[in-house]
Amino acid sequence: MKSIFICIIILIMMTTVTAVSEDYPINATTADGRTVVLYPEGTWDYVTSDRGQSQSSAVFEKPEGATSAIKSKKGLVEVWYDPSKWNLIQTSTNGDAEFMLEHATEDCFALVIVERISMTLETLRNLAVENARAAGSSVDVVEEEVRRINGRNMLVMGIEGIIEGIMFHYQGYYWAGKSGAVQVVAFTGSNLFGEYRQDIDDLLNGTMILAD
């Protein structure tokens, strides 16, 4: 199973920031005036501004067990994690992911992706969905809301899709601003997500944005 996950990681990293094609995505307007994004495989989705994401009233903070930290060399973020549950298996500025973590059971992974290019959160959100669709099929956004994480607003988004015949669940925190963009995304098999949900949430809640 671990070798399959590594192959999936490579696919994800290959499609992290690249556009789907020169012609896609295409913005279009529905008859009732709402804006949608059209994708090359024939699917579509509302753009963020039309989705009206809910704002969670809860406040999330770094867990007490998160005693180890990884800090981006680009200066935008640090992520605190529980070293008894997560192992740092990559620390590299090569490629799209600056850091990679593996759950102690080897059935769940997380990527920390940092960009210094300024963009809106709507743009980052749409890119994340587009890239998921480029890497797999039957991709759906199954969870989406804005949360207050360690004093900063971030978008939490859960995405499910099929890659190489396997149904995966991606759970991520997304932040974007004038200094750049941050994605902290954990993923595992959809059938295992419930088992890892708490550990994934704890990891994501260790995300601390350092940018203004």
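## Charges over rings

The charged end of K62 sits over the ring of W80, 4.9 Å from the ring centre. R147 does likewise with F60, its charged end 4.9 Å from the centre of that ring. Sitting over a ring takes NZ of Lys or CZ of Arg within 6 Å of the ring centre and within 35 degrees of the ring normal.

This is a predicted model, where local features need pLDDT of at least 70 and side-chain atom pairs count only at pLDDT 80 or more, while totals for chains, interfaces and linings use all residues. Residues are numbered from 1 along each chain as its sequence is written, and side-chain values use heavy atoms, with hydrogens and water left out.

## An aromatic cluster

F109, Y170 and F187 make up one aromatic cluster. Rings of Phe, Tyr and Trp (its six-membered ring) pair if their centres lie within 6.5 Å; planes under 30 degrees apart are stacked, over 60 edge-to-face, and the rest tilted.

The whole structure has two such pairs. F109 and F187 are stacked, 6.2 Å centre to centre with 25 degrees between the planes. F109 belongs to strand β9 (residues 108-115) and F187 to β13 (residues 180-189), so this pair ties together parts 78 residues apart in sequence. Strands here are DSSP runs (E, at least two residues), numbered from the N terminus.

F109 is buried, at 0% relative accessible area; buried means under 20% (1.4 Å probe, protein chains only). Y170 and F187 are buried too, and they form a tilted pair, 5.9 Å centre to centre and 35 degrees between the planes.

Note on methods: Helix = DSSP H or I, 4+ residues; strand = E, 2+ residues; numbered from the N terminus. Buried < 20%, exposed > 50% of the residue type's maximum accessible area, 1.4 Å probe, protein only.
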